[in-house]
Structure formats: structure tokens, C-alpha cells
Amino acid sequence: MYKKWIPVSLLLFSLPASAKSLPPILDFLPSCSPIVIEGIYVEKKVTGSSNQKFIESSFNEVRKKAKEKRVDAVIITNLIQTDKLIITADLIDYCDDDDSLSSISTAYNQLSRKPIMFERSRTAKTTNTRVASTNKASSANKRVAKPVNPTPTPYIKTARVTSKPKPAPVQQTQSASAKASTIKRSISPLMTDLELAKLAAKAQIPNTNVTLSGAYGVNINNSKQFLLSVLGPASAEFTLDAKTEAWLYGRDLWFYIDNGKVKKITYKERSLLNYEGKNAILYDEDFDNTWLIDDKAQFRDDVNIVTQKLNYLQQKSTSEYTVSNHNNLLKLDFSEYSSYNDDKPELLLSGFTFHSRDYYKDNMKIEYSILNDHLLDDILVPNGGKPNIKIQDVVAQYVPNIINYSSDGSWEILSKNIRVKHEDSKITQVKLSESINHPVESNQEFLDFLNQINVPATREAMLNYYGSQAESWSEVVEVNNDSYELKAEFESEDDDAMLVSLEVQYL
């Protein structure tokens, strides 16, 4: 990945000279949804030093770890203090060509033990969201150093779900024609930023508490219309079968809807989407890492702390505890996190599953549309004028899957590797990437797919294909003309480096 300049964060204390070269801990979320490279864990035993100095030195260790990983910045996701201090953090890279910060505070600032309360109103989502332009700025590839006290960039979420979510996709690799035929629906227009903002403005500020009665203000068997009215449009919507949808809020909070009613609510760091898929969706501070169990235990609390606070839990295994009543079951999941300075891992609360006792569907997979593969190279690697291909031409059998909130608007997901934007049936933008869902595909599987759809798989092959039309630097190859703009990224600048992502915008 092309490394970007590191911005100057708003520091709350003076850093020693040696620390100024370390990646910053952000007090404000990036304007563009960050790419999470890795989650880390740092633990320190409480000493007699002042609390401020102790936390400062701990945060400095997090920044040193971030420098080792060569990332742009750090977002603190949790801070636990008992007889020791435990910090968990996401190491992130900014979006290409956008390292600006929004006006939205991160959950923990650089010196605070207490989470900053999120009191942003739903109306604010209409006005304080970063709208990604569909036209690329001419200066998109120029890096600009940020001032010491940057003016917060307005933060606008783009694209969410319709009040009438969409039906079920079919995977290309499965014999899904029978399922697809039962899921047929016409391809609906993607919602505009304004339409989504209006829907979001009608929703409530989410209640992040999770109990046996409900989660985030939503109960089992509530309708999806109720879910929409309470939490607003989902960040993404996926079809799992002819009767089942999965609505995703933020990057990890899932609502499973069966026959139009909510049947299961989960928060899992390993779920339907892999990191490639999660990074395609905007981080949302209303839903990511903010939940509480019974208003007491929070995300990444130590297992001993959780069982003390929730002394009614029943242990099912080392990493699973449950509580239930006649109607519902709430399962808490714990995961091991390796300490930065201790060989012994900690068992921390990592997720929950809440569902009706009579609902047993599990291990479901995303169904995708069936595509006409022989037309994909025409839209992915055009050579000449703009191809006269409509989305109906590419899709043999349609199964709706949509990302509503991304760093650059809403996308129709056609397969695990391909998503498009369209307007009046015309494809205006197409993006190819490695698989967005589990299981993670191997390099060979991705290479086989590229060969199948006749897309140049290496940097050298792409340069040969476009010849003098192409411009290249580092791991990037670009083609710009009056009909389209193409950007291909590779694993490195070596000739045999494999394609990682490809995006074409039609003008």
C-alpha cells in the first residue's frame, strides 16, 4: 500500500522529540472511513506513578507498536483499568489521498479513561456527513500537509438502505439457479445521499444496551420497518436466501431478518465479511465497539470483570457464557488477545449473539447475483470508447446486495469480487477487489477468477494491455481519457506483482 503523510493530530500534552515521529493517536475519526490494518492489545501493571503519566506512557507503547507496523495512525477502542491497565486499539491507514479528520470524536481521547459520550443527533447525520463526490478531483494525487490545528472536516455518511430492502443473491460458484429463480426482483435505483440522509434523520439516537429483552432498542420479532425507524438505514444489506436478509450497522453489528422480522442480532468480529469487506463500509461510532451488556459489561472487558458484573451468567465453555429466559437466549463470546508486553494472553469480551430460542439458522452465506462473465472484461478493462453495456446485460439473475455507507457513496454488490454504481440502468462505476466475504480466498483462487474474466492479472500485463495510454508509479497503473478513468493497484511495483484492486469510473 502506498504510504501517505501522517497528519498532525490535536495533542493534549507535549510530546518528547522522539515521540513526534510516531503515528498519532486520533482524537477525531478520519473523514474517510479508515482501513483497519490490525487490532492490538497492550497491558501494563499499575504503578505508583501519576495516572496521567501512566496512561501517557501506555499510549506511547501503542504508538511504538503502530510505527513497527508502518501504519498511519491509531484509534483507541477500549481502555480497562483494574490492578492493571489494558488498552486495545485499531492500527489504521487513511484512505488514499484523504488524511483529513472529521469533527466526530473518537471513543477515547489521548489522555481520558472515560469514553467520550456520543451525543450526535440523527439530524446531524444529514448535515455533518462527508459526501463523496462521484467526480475525481484533478488534484486527487497531490499530497497536502495538514496545519497544526486542522479545521475539522464535515463528516457525511453516504448511501444507506431503502425502506424497502432488497432480496436474495446467488453465488457464482454455487448451483444457485433454483434459489435465484425464487428471489427474482427488478434492479432498483441506488438511493441518493439526500434520500438516505432524510431516512437517517428520522431515526433515533441508538440505545446501545443489550439485554434479554432486546438490543439497540430492537426486540426479536420486530419488523424490519421498525428496525429502519429506530436505527435508520443500514450500512449494508445482504441477502442470505429467499426469505432471509442480513442488515449490517457499522462494521460488525448484524440484524438477521427472516420473513420480514428480526430473528437474531449479533456483534462478531469474524462474521460474514472479511477485512476486505469491512473496509468497504464506513466506520460508524454509533454502532462499532459501543455496546453494553445489561448496562454493565462492555466490549473487551476482561472475562473476570464481566462475570463479576453479570453474576447470573452460565459458563458453557472457556470462551462462551450465556443467559436465557423462556423466549430468548443471549450468548457472550470471549476471545484471546495477546499482550504487547506479556506472554500470557487475556480473555476479553468480543461479541454477543441474541436470538429467539426457536430460531436455529446459522452459518449462513451471502447469496450473489449470477453474472454474464463474458461481459465483465468489457466494463473492467475497456480499451477504446465507453462500452454500451447496461447492468441488466451483466446480470443474468439478480440478487440484491447493497453497501449504503461507504467512503464514496452506495454500491450494488454483484459478487464477492465486483460491485458497481448505476444510474438509469447505465453502469457509471465498477470496482474489482479480492473477495469481501469469508472464507478468505487464496491468491490462486483470485488469479483464476481474473483469468476467467480476461482481466490482466499482473502489473506488467496491465501495462502491456494499455501500452502508451497507461501511466504508472509505484504499485499503481492509471489510464485517463475522455470516456473513463481507470486505476489499478498491485501488490508492489514489481513487473510480476499481482493485481489487488481495479476501479473504473465512466465519464
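In this predicted model, strand E24 (residues 476-480) runs antiparallel to strand E25, and five bridges join the two. Three residues lie between E24 and E25, and together the two strands form a hairpin. On from there, E25 is also joined to strand E26 (residues 499-506), again in an antiparallel arrangement, this time through seven bridges. Here Phe-490 has Leu-499 of E26 as its bridge partner.

How much of strand E25 is buried? Seven of the seven residues in this strand, which spans residues 484-490, are buried. The cover reaches both faces: Tyr-484, Leu-486, Ala-488 and Phe-490 are buried on one side, while Glu-485, Lys-487 and Glu-489 are buried on the other.

His-422 counts as buried because its relative accessible area is 10%, and the cut-off for buried is under 20%. The side chain of His-422 makes a polar contact with the side chain of Glu-412, at 2.8 Å. Beyond its neighbours within four places in sequence, His-422 is in contact with several residues, including Ile-187, Ser-188, Pro-189 and Leu-190, as well as Ile-391 and Thr-428.

Stepping back to the whole protein, there are 11 helices and 26 strands. Of its 507 residues, 56% are buried. Among contacts with a separation of 6 or more, 67% link residues 24 or more positions apart. The protein exposes about 22000 Å², and carbon and sulfur atoms supply 47% of that area.

Notes. Residues numbered from 1 in each chain as written. Predicted model: local features only at pLDDT ≥ 70, side-chain atom pairs only at ≥ 80, totals over all residues. Heavy atoms only, no water. Helix = DSSP H or I, 4+ residues; strand = E, 2+ residues; numbered from the N terminus. Buried < 20%, exposed > 50% of the residue type's maximum accessible area, 1.4 Å probe, protein only. Contact = heavy atoms within 4.5 Å. Areas by Shrake-Rupley, 256 points an atom, 1.4 Å probe, with all protein chains shown as cover. Polar contact = N/O pair within 3.5 Å; in protein donor to acceptor, adjacent residues only side chain to side chain. Pairing = 2+ DSSP bridges.
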